[in-house]
There are 2 protein chains.
Amino acid sequence: MMDSKDPVVQYYQEVSEQCIHYLSIDGVIFGFHQNQLKVLLLRWKGTNEWSLPGGFIRKAESVDKAAQRIMQERTGLQELYLRQFHVFGEALRYDQEATWQKINLPIKGVNWSERTISLGYYALVEHSKVVPTPDFLTEECRWWSLEEIPALLFDHNHIIEVALQSLRSQLGDLPISHLLPDIFTIPELQRLHETILGHPLDARNFYKKVMASNVLQRLSERRAGTPHKAPYLYRFRTGSTSAEPYSGIDYVD
Amino acid sequence: MMDSKDPVVQYYQEVSEQCIHYLSIDGVIFGFHQNQLKVLLLRWKGTNEWSLPGGFIRKAESVDKAAQRIMQERTGLQELYLRQFHVFGEALRYDQEATWQKINLPIKGVNWSERTISLGYYALVEHSKVVPTPDFLTEECRWWSLEEIPALLFDHNHIIEVALQSLRSQLGDLPISHLLPDIFTIPELQRLHETILGHPLDARNFYKKVMASNVLQRLSERRAGTPHKAPYLYRFRTGSTSAEPYSGIDYVD
């Protein structure tokens, strides 16, 4: 039943008036933490159902700005590195009846709820700087490592899979430095490549390739408190090269 | 003035009823002819103004199928090779007043004419198989080589530029064989790479790289009627490899 005082109904009425119909943005926000690639997910109010962050485009707003706005609200970060990666445009992308029931959404009967084309963006963020923040419809926002992601609402598992394929195929051109803290070790950088690729890499070859790229500066300190020989710490070189974010290595093992 | 018997007005009313608002598809159809990369353009009725082929998505139609439908109608080809390459989502993409005047379109006042987000697709087609066919709003459809493309309507010069950048950056992964006839020479294949890249390549290196890829079969005939030594003719190998369209060479000169 549509109750016009229900804040969720009001929310969708506002969206319906102010935003472009039939079109949404879904964001795959990637961070790197504890040697894992992670994705920021939202849990819907009163449920145990998770989804990607997303939203709608205002009528006079550019699509890129809408994506920035939506991802900024969830992360607390300004000027995120965002890239369009795919338009999800199937006429029926998921089982709508089952989905509305799971999250108890009163939007059946909204004329444009029958179909949504989604513009997929991924973001590369530094995990430690993010303040995960739920949106109006959700009550929890947190990081999930790729291996632990549950069955998500809508077709969001598929969207994450396509985002990952994009990362992999663009690895040689991916500004991977957005995912890293200021200071890191070579094994950490290797692990970032491995978690994107989904398979291990040869450490000696990796080290050679990174050193050949000549963008890293070795610090005098080493990482303390590791069980093995303490590895050196690195940062990206300052100067002219630092303007360009460091791209990943196009690694064919 | 809106005249409801004007077929153009009727056309837009039908689009308005049947299609998704605020969203269009623009197609950059690439062909290779006379050693040039060419793009299929449309001239609008009663004007000397040109644009890309494009159209709208029906309410229950997948975005990919809409793109296929639109490109099929302009080329006469079934099952074209199509790839999404970019969403053009600026709030104001071009000077609307000036554009409506140029093509005398009576759609001012249509509520969603103020804004169109365009999904960019490129197609790779074999030039000789295409039957260029104008659409309802246009009276001529023909090929233009990249160097000769005039100032186009909307932001279509920009869209072509972004499509070309995509081709260049995806060259190593681009199923370039869709652009070629069954039989061709190595200099023709080289010229195809050069016209995509926009600069000449070293013939000896090119030959070496192509031969190393081991996907071509040399025929016993040579190209007749050339001023220089007649070059050999090639085709893609039959058998298991022919299922995969031949990708371009990732050419770093």
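1. Two rings of Phe, Tyr or Trp count as a pair here if their centres lie within 6.5 Å. Keep that in mind for this predicted model, where ring pairs link Phe30(A), Phe85(A), Phe88(A) and Tyr122(A) into a cluster. Inside that group, Phe85(A) and Phe88(A) form an edge-to-face pair, with 6.0 Å from centre to centre and 70° between the planes. Phe85(A) is buried, and Phe88(A) is buried too.

2. Searching the whole structure turns up 20 aromatic pairs over all chains. Take Tyr11(A) and Tyr12(A): their ring centres are 5.3 Å apart and their planes stand at 85°, over the 60 degrees needed, so this pair is edge-to-face.

3. Chain B has a couple of arginines placed over rings. Arg142(B) puts its charged end over the ring of Trp144(B), 4.4 Å from the ring centre. Arg218(B) lies over the face of Tyr232(B), and here the distance to the ring centre is 3.6 Å.

4. Now the overall build. Chain A has six helices and nine strands. Its C-alpha atoms fill a box of roughly 65 × 35 × 30 Å along the principal axes. Of the 253 residues in chain A, 51% are buried.

5. How do the chains relate? Chain B superposes on chain A by a rotation of 180° with 0.0 Å of shift along the axis, at an RMSD of 0.0 Å. That is the relation of a two-fold axis. Which residue of chain B comes closest to the rotation axis? His21(B) does, with its C-alpha at 3.7 Å.

6. By class, the lining of the largest pocket divides into 15 nonpolar, 18 polar and eight charged residues.

7. What about enclosed space? Rolling a probe the size of a water molecule over the atoms shows where empty space is left. The structure has one cavity of 30 Å³ or more, and the largest cavity holds about 40 Å³ of space. Glu90(B), Ala91(B), Arg93(B), Tyr94(B), Gln96(B), Arg115(B) and Thr116(B) line the largest cavity. By class, that makes two nonpolar, two polar and three charged residues.

8. A backbone check in chain B is worth a moment. Most residues other than glycine have a negative phi. Asn35(B), though, has a positive phi, near 60°. This residue is in the loop between strand E1 (23-33) and strand E2 (36-44) of chain B. With a relative accessible area of 36%, Asn35(B) is partly exposed, because that class runs between 20% and 50%.

9. Asp26(B) sits in strand E1 of chain B. At 6% relative accessibility, Asp26(B) counts as buried, since the value is under 20%. Asp26(B) and Pro53(B) are 27 residues apart along the chain, and their C-alpha atoms are separated by 6.1 Å.

10. Last, Arg168(A). As for spacing, Arg168(A) and Arg218(A) are 50 residues apart in sequence, with 27 Å in space from C-alpha to C-alpha.

Notes
Residues are numbered from 1 along each chain as its sequence is written. Chains are lettered from A and ligands numbered from 1 in the order in which they are written. This is a predicted model: local features need pLDDT of at least 70, side-chain atom pairs count only at pLDDT 80 or more; totals for chains, interfaces and linings use all residues. Side-chain values use heavy atoms; hydrogens and water are left out. Ala, Val, Leu, Ile, Met, Phe, Trp, Tyr, Cys and Pro count as nonpolar, Asp, Glu, Lys and Arg as charged, and the others, Gly among them, as polar. Rings of Phe, Tyr and Trp (its six-membered ring) pair if their centres lie within 6.5 Å; planes under 30 degrees apart count as stacked, over 60 as edge-to-face and the rest as tilted. Buried means under 20% relative accessible area, exposed over 50%, partly exposed in between (1.4 Å probe, protein chains only). A charge sits over a ring if NZ of Lys or CZ of Arg is within 6 Å of the ring centre and within 35 degrees of the ring normal. Copies are superposed by least squares on the C-alpha atoms of residues with pLDDT of at least 70 in both. On a 1 Å grid over the protein atoms alone, a cavity is a set of points where a 1.4 Å probe fits but cannot get out, and a pocket is an open set with protein on both sides within 12 Å along at least five of seven lines; lining residues have an atom within 4 Å of a point. Grid points are joined across faces, edges and corners, and a volume is the space filled by probe spheres set on the points. Helices (H or I, at least four residues) and strands (E, at least two) are DSSP runs, numbered from the N terminus.
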